[in-house]
Every structure is written in structure tokens, then in C-alpha cells.
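Please open the model in your viewer and keep the selection tool at hand.

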Amino acid sequence: PANNDPANNDLPIELPDGVQVSVEVVPLEWGLFGGPAGDTVAAAATNRAGLAELQIGPGAHALRVTVDSDVVIDVSTTTADRLVPLSGDIAAQPFFMPAGATVTIETRQVPGGWSVSARDETAERVVAIDSTDSASDAGAWFHERFEAVLSASDAQYATAELMGAVRDHGGPIVTERGVLFLAPAPDGAPAPQIRGTWNDFAADPNAELHRVTPGMWARFIEVPPGPQQYKIHYPDGDAWVTDFSNRHITWDGFDPGTVGAFNSVLAPQGARTVWLPQVDSPQLSNQRDVYVHLPASYDATSDDFAALYIHDGNESIVRSQMHLVADQMAASGAAQGTILVFVALPSQNVRLTEYTMGTAGSRGDDYIEFLAATLVPLTDQLFRTRPDRRARGLFGASLGGLISYWGAMQRPDVFGYTAGMSASFFWGDNFLIDEIRARGCQNVVYYLDSGSPDDNFEVTHVMRETLAELGCNFDYTLEPNGRHDWSFWRGRFGGVLVDFTDASGG
């Protein structure tokens with residue numbers, strides 16, 4: 001019987017053989033490619049040859065078809081809409097539904113004009129209906145990569161690849177529907193949520209992602225204008241994850257006493273930090289994250305900037321907030337705006353190996369070659385850096401100071417400035433001090449400091465005397481009662497920036 005009552009969307013349909021087919025039409029909330037939920041759908045049905053005709057307007061809607069016997073369902077559309085099986089075939093195809101099965105058909109518009117659907121595990125096949133909803137065009141590049149997700153054997157990996165493509169394209173897609181958030185997760189997992197400053201990082205059903213493919217969850221979410229911080233929250237294990245599709249990050253404010261974590265940032269303003277995840281280190285056969293902090297003046301001018309490469313990159317941000325020191329120094333005019341390239345370790349387990357030299361197992365030479373031959377060219381390509389060795393410096397504390405000096409000694413053609421705080425110059429029976437005596441100053445500007453009476457004070461004093469005897473250009477700072485600790489290194493970092501400003505000709 002015909003039914004045009006908008007309030008009644010559950011339509012039992014009598015088929016000639018007595019097979020019961022129930023069709024439910026449900027407006028969806030903000031979905032992946034659908035707009036906000038529309039009005040209740042008016043529907044009509046007849047039992048002539050088991051035909052059910054449904055009129056679906058703009059917006060996002062789900063059709064849930066349930067049968068009580070084995071049956072073959074053939075769905076067809078009007079000239080205004082077209083059906084697409086999840087496999088990506090253009091023509092609509094009949095599909096088999098076993099007794100008791102439910103199939104969900106979701107009307108979600110995608111860039112390029114075709115749609116996808118979440119799969120209901122009880123169905124043999126899922127189809128999707130194009131809606132007349134006017135979606136913003138996210139670009140052919142997204143369309144192509146999303147199609148690859150649909151056909152991938154490992155949907156979670158393909159989703160991560162898609163998120164990387166979104167990041168490289170400039171970050172999360174923003175349309176009049178909101179921000180498109182993506183996340184990989186297996187089918188059986190609870191839905192991930194986007195938790196941020198706009199919802200106080202709390203549980204929020206309006207920020208719950210929808211399953212789109214077996215390994216991909218996504219949703220358009222309305223986010224207030226202006227800078228907003230957020231993370232992807234996975235209920236399983238209460239995991240908080242930085243958004244892989246967003247290149248802008250900031251320290252999340254928690255210092256665990258070791259490497260820390262980051263929030264993703266929407267619409268950053270002023271000074272900002274750009275995340276380069278998993279940068280390949282061919283010289284070391286590993287990968288590491290790099291965090292590039294741009295000064296507030298970077299977007300306000302077309303000038304090129306000096307760049308300081310900082311070891312222990314994650315901890316230098318999390319435990320010393322050296323990027324904030326740089327922002328304060330630049331704002332006060334005490335030092336020039338400088339690009340800080342925070343180079344993280346692939347693992348804390350390789351720190352001793354990568355930051356030492358001259359002893360068995362040391363790979364400091366390979367690490368320095370990674371910086372000089374791989375990371376510096378990448379940074380120069382992506383950001384407005386000054387192509388001048390004087391405007392490139394190395395900085396680190398403790399073993400990071402040791403490898404900073406070694407880097408400038410090995411590649412003075414690339415780095416014209418080096419700074420070591422509380423540096424471990426004692427390594428290898430003062431190996432590095434002997435090396436600098438043999439090589440000379442090499443036209444490098446040096447900075448060194450320590451606390452006293454401990455904090456590598458004595459060996460730092462020996463290095464200072466060596467630089468003075470050689471006639472090198474150097475600056476030395478001694479902090480009475482200073483300790484071998486991140487808080488003291490933060491306190492002296494402003495002096496490094498002033499010194500680097502002078503050395504780079506800024």
C-alpha cells in the first residue's frame with residue numbers, strides 16, 4: 001500500500017511469495033560526505049512485483065533494508081540518482097541477502113559526484129545512492145586517493161596513506177560543512193572521537209567519527225573559527241593520537257620526564273610548528289620526526305631566515321620549551337626570528353649511538369651526514385631559509401652538545417655555527433678536544449657553556465681554553481650552581497639565540 005506519511009518511515013512490503021521486506025529511511029547527522037540531517041523522508045511503496053519506491057531529497061540519509069527470507073534485491077534509481085556498489089562498479093547490480101540480514105544504504109555525496117557507504121557486516125553487498133546534496137569540491141587528488149582506500153586490501157594502511165596525502169596537500173579539508181576529520185581503526189573497534197578545545201577535550205557524540213570503509217572512519221565536524229587544538233581519541237585503551245593529516249602541531253602541555261606528545265592545531269596564527277613525520281634517514285636506515293618552528297614574522301614577510309638545527313628535538317620542545325624562548329626573544333627584539341629545526345630521535349635507545357663518535361659502535365658520522373645531505377636540503381626546499389653556511393647552526397645539550405661540535409667540524413661547508421650546552425666533551429678520553437686542536441677553528445663560530453661546580457664544568461673549561469689558544473671565534477657562559485637539567489638549558493637558550501643572530505649576520 002502507498003504510504004506518503006512523513007512520520008512513518010518503516011515500510012513493510014508484501015511480496016507475492018509472502019517474503020517480508022522492511023525498508024527504513026533515516027536522515028543522518030553530519031556524516032562523511034552528507035550534509036546535516038534533512039527533513040523526514042516521504043516514502044511510497046506498492047506490492048506490485050515487490051516494488052518499493054522511495055523519494056529521497058538532498059542531505060544524508062540511510063536506507064536500512066531487512067528481509068525475513070533468502071531473497072535477491074535489485075535496487076534501481078531514477079535519472080536523477082544512480083547506484084554504485086561499494087566495489088566501485090558504475091551500474092547497479094542485484095545482490096543476495098540471506099534471511100535475517102540487514103543492509104544499510106547511505107546517501108552520501110562525494111567530490112566528483114559518486115558516493116560510498118558504510119558496510120553492514122550482515123549483508124553480502126552494500127550499495128550507495130547519490131544524493132542531490134551540493135558538496136564542496138575537495139579536489140580530484142582526494143577523490144583518487146579515496147578510491148584507492150576503497151579497493152585496498154589493508155584499509156587501515158590505505159587510510160593512513162590518505163591522511164598523509166591530505167597533510168601534504170595543506171592539512172584537513174575545510175568546507176561549509178565543517179572540517180573533514182579522518183582516522184584509521186578496525187571494524188570492531190568503538191568509534192574514534194575528535195576531542196579539542198571547542199569541546200574541552202571531553203566525550204562528545206557530535207564529534208564521533210563514522211565508519212566509511214572497513215578500516216576508515218571519518219566525519220565533517222563544525223569547529224569554531226580561530227586556532228583550535230585537538231587530538232583523535234580512541235576509546236580502546238583511552239589512546240590520544242596526533243592527527244596524521246594535519247601538519248600543524250603544538251606541545252600538549254604534559255611533561256612526562258622523557259619524550260612527550262603533541263596536539264594538532266587548526267588555523268594556527270603567529271609563530272607555529274610544522275610537523276614533518278617519519279623523515280627518512282638513508283645514512284642510518286631509519287626514520288624520525290622533525291618539528292620545524294617558524295617565527296611569527298615568517299608569514300608577515302617574504303624574507304629568508306637563518307635556521308638552527310636542534311638535537312633531542314622532541315625533548316627540547318617538551319622539557320625546555322625552547323620554541324617559546326625563541327618566540328619571546330624575537331618579540332622583544334633581543335634576537336632575530338629564527339627557524340628552529342627540532343630533530344627527534346627515532347628511539348631513545350639510539351641516542352648514545354647517533355650522538356657519539358670515535359668509539360666502537362658510534363654512528364655520529366652517519367647522523368651528521370643525514371643532517372647535511374638529507375635534512376638541510378629538505379628544509380631549504382620546504383621553507384624560506386638563507387642559503388648561507390653562516391645562517392645554519394647546530395645546537396644541543398649534553399651529548400647533543402658533543403654531536404653539535406662534531407657536526408660543525410665534519411661539515412663546516414654546511415654549518416658555520418655550533419653551540420653546546422653542558423656538552424659531553426669528555427667522550428672518548430676528550431677525543432673531540434684533540435680533534436679540534438688538530439683541525440683548527442675551520443671558520444666556525446662556537447658557543448659553549450656549563451653550570452658549576454658540576455655539569456661538565458671542568459671539561460667545558462678545557463674546551464674553552466683550547467678555543468682561546470687556537471684564536472677561534474667563540475662565546476662562553478658559566479652559570480654558578482647551574483645543574484645538568486632541561487630547566488637550566490632553557491634559561492640559557494636565549495643567549496644562544498643572541499649569539500647566533502650576531503654570527504649569522506642577522
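Begin by selecting Trp-275, which is buried, with a relative accessible area of 10%; buried means under 20% relative accessible area, exposed over 50%, and partly exposed in between (1.4 Å probe, protein chains only). This is a predicted model, in which local features need pLDDT of at least 70, side-chain atom pairs count only at pLDDT 80 or more, and totals for chains, interfaces and linings use all residues. Residues are numbered from 1 along each chain as its sequence is written, and side-chain values use heavy atoms, with hydrogens and water left out.

**Aromatic rings**

The structure holds 16 aromatic pairs. Rings of Phe, Tyr and Trp (its six-membered ring) pair if their centres lie within 6.5 Å; planes under 30 degrees apart count as stacked, over 60 as edge-to-face and the rest as tilted.

Select Phe-181 together with Tyr-230: this pair is edge-to-face, with 5.1 Å from centre to centre and 75° between the planes. Phe-181 belongs to strand S12 (residues 178-184) and Tyr-230 to strand S16 (residues 228-234), so the pair ties together parts that are 49 residues apart in sequence. Strands (E, at least two residues) and helices (H or I, at least four) are DSSP runs, numbered from the N terminus. Both Phe-181 and Tyr-230 are buried.

**A charge over a ring**

Next, select Phe-244, which is partly exposed at a relative accessible area of 28%. Which residue lies over the face of Phe-244? Arg-167 does, at 4.5 Å from the ring centre. A charge sits over a ring if NZ of Lys or CZ of Arg is within 6 Å of the ring centre and within 35 degrees of the ring normal. Then select Tyr-298: the charged end of Arg-384 sits over its ring, 4.1 Å from the centre.

**Two helices**

Move to Thr-460 in helix H9 (residues 457-470). Thr-460 counts as buried, at 1% relative accessibility. Leaving aside residues up to four places away in sequence, Thr-460 touches Ala-423, Phe-425, Leu-448, Asp-449, Ser-450 and Tyr-476, where contact means heavy atoms within 4.5 Å.

Finally, select helix H10 (residues 486-503), which has 18 residues. A kink of about 35° in H10 is centred on Arg-492; the bend at a residue is the angle between axes fitted to the seven residues ending there and the seven starting there. Among the buried residues of H10 are Trp-486, Arg-492 and Phe-500. Just after H10, Gly-505 takes a positive phi of about 75°.

How values were computed: The expected span of a helix is 1.5 Å times one less than its number of residues.
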